[in-house]
Amino acid sequence: MAELDIERWRYPRFFTENIDEREAILTGDEPRHAVQVLRMRAGDLAVLCDGKGTDYLARLKSADKYTCRFSVLEKSPNSAEPNIYLRLFQAMPKGDKMEFIVQKAVECGASEIIPFFSKRCVSRPDVKAIAKKTERYRRIALEAAKQCGRGIIPKVGEAVEFSALTELISGENTGILFYECAELPLKAAVSDFKHNVDIIIGSEGGFEPSEADYLTERGLAAVSLGKRILRCETAPIAAISILMNMTGNM
C-alpha cells in the first residue's frame, strides 16, 4: 500500500457514517457528485472518512446517482486534524465575506465557527435569511473539509448576539480577543495553550471599547495581530494560522 499512501491526497474524499472495516456506502447528494461530476467508475479509489478522525482507503464497487458502494482496503487515523479544538467566534461581515472566512478557517484548522452580531456589524439579516446563510456556510465547511483532508466536518453554529458570547465561551478554554486597539502580542499575552482555544474577531468596524472591556473583564486576553490593519476576512485566517503554528499544528 506504500504507493497508494503517497498518492492518497489525489483521490476524491467523502464523509459517511455508513462505513466499517469491509464496506462503505455513500447516499444523499454524494453519489451524484461522484458519478456525474467526478466521473468515478468501478475500480476507482477514494478516501472515505467517518467524520470522527479515521480515514478509509476504498475502491468503488458499484455506483449510480443514488448509491455508491466501496470495498475498504485499509483504515488509518486522519493526519490532518490539529490536537487543539479551536473555535472561531466571528462578527458577521457584509456581503459574502463570511463564506470566504468559513472556507479558509476550515482549511487552516478551525473545528467550529460561530457567527455573532456586535454593535458595529452592518449586516443584520432577518431570521429567514440567516437560516439560509447558515445552511450555506455548513455546506461550504463540508466542501472545504473534503478538499483539505480534514478528519471531521467542522461545525458552523447558529448566529448569536454579542451578549450570548460569555455563555458560550468556557473559562476552562484559552480565550483570546483579537482587538484592533490592543498592543500586546499574542506570545506575550498567552504563554500556555489549553486543549480548547476560543478566539473572537470583529467585523469591518471592529469592536466598541465597551465590548472589548466586557470580554477582557471576563478573562479573555486582548491581543494584537500586528501593526498592519487587516481586513475582517483576513484577520481570522492570520490568527488561526499563527495559533496553529504556535501549537505545532501547521
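Predicted model: local features only at pLDDT ≥ 70, side-chain atom pairs only at ≥ 80, totals over all residues.
Two strands are said to pair if DSSP finds at least two bridges between them. S4 and S5 form a hairpin, with 4 residues between the two strands.

Strand S4 also pairs with strand S3 (residues 45-49), again in the antiparallel sense, over 5 bridges. Within this pairing, Val 47 stands opposite Leu 57 in S4. S3 and S4 likewise form a hairpin with 4 residues between them. In the turn of this hairpin, Gly 51 has a positive phi of about 80°. In general terms, the strands of a sheet pair through backbone hydrogen bonds, and the pairing may be parallel or antiparallel.

These strands belong to an open sheet of 5 strands, arranged in the order S1-S3-S4-S5-S2. The pairing in the sheet is mixed. Its edges are formed by strand S1 (13-15) and strand S2 (23-26), each of which pairs on one side only. From one strand to the next, the twist averages 40°. Helix H2, made up of residues 30-37, lies across S1, S2, S4 and S5. The direction of helix H2 is at about 165° to that of S1.

The loop between S4 and S5 contains Thr 67. This residue has a relative accessibility of 25% and therefore counts as partly exposed, a class that lies between the limits of 20% and 50%. With its neighbours within four places in sequence left aside, Thr 67 is in contact with Ile 25, Leu 26, Thr 27, Pro 31 and Ser 62. A separation of 43 Å lies between the C-alpha atoms of Thr 67 and Met 246, two residues that are 179 residues apart along the chain.

The largest nonpolar core has 56 residues. The residues with the most contacts inside this core are Phe 116, Ile 176, Phe 178, Ile 199, Ile 200, Ile 240 and Leu 243. Helix H4 (residues 127-148) supplies the largest share of the core, namely 7 residues. A second, separate core consists of 15 residues, including Leu 26, Ala 34, Ala 46 and Leu 60. Apart from its neighbours within four places in sequence, Ile 240 is in contact with Leu 86, Leu 88, Ala 105, Cys 108, Gly 109, Ala 110 and Ile 199.

Aromatic side chains were also considered. A pair of aromatic rings is described by the distance of the centres and the angle of the planes. The structure holds 3 aromatic pairs. In one of them, the rings of Phe 116 and Phe 162 have their centres 6.3 Å apart and their planes at 50°, so the pair is tilted. This pair links distant parts of the chain, 46 residues apart. Phe 116 lies in strand S7 (residues 112-117), whereas Phe 162 lies in the loop between strand S9 (160-161) and helix H5 (165-168). Phe 116 is buried because its relative accessible area, 0%, falls under 20%. Phe 162 is buried as well, with a relative accessible area of 11%.

Phe 162 also forms a tilted pair with Tyr 214, with a distance of 5.7 Å from centre to centre and an angle of 50° between the planes. Tyr 214 is located in helix H7 (residues 209-216), and the two residues are 52 residues apart. Tyr 214 is partly exposed, with a relative accessible area of 25%. Taken together, ring pairs link Phe 116, Phe 162, Phe 207 and Tyr 214 into a cluster.

Finally, the cysteine residues were examined. The count of disulfides comes to 0. For Cys 121, the nearest cysteine sulfur is that of Cys 232, 9.0 Å away. A disulfide requires the two sulfur atoms to be within 2.5 Å. Cys 232 is likewise in no disulfide, and the nearest cysteine sulfur to it is that of Cys 121. Cys 121 counts as buried at 7% relative accessibility, and Cys 232 is buried with a relative accessible area of 7%.

Terms used:
Residues numbered from 1 in each chain as written. Heavy atoms only, no water. Core = buried A, V, L, I, M, F, W, Y, C linked by side-chain atoms within 4.5 Å. Buried < 20%, exposed > 50% of the residue type's maximum accessible area, 1.4 Å probe, protein only. Contact = heavy atoms within 4.5 Å. Axes fitted to C-alpha atoms, helices over the stretch in contact; angles between N-to-C directions. Phe/Tyr/Trp six-rings, centres within 6.5 Å; stacked < 30°, edge-to-face > 60°.
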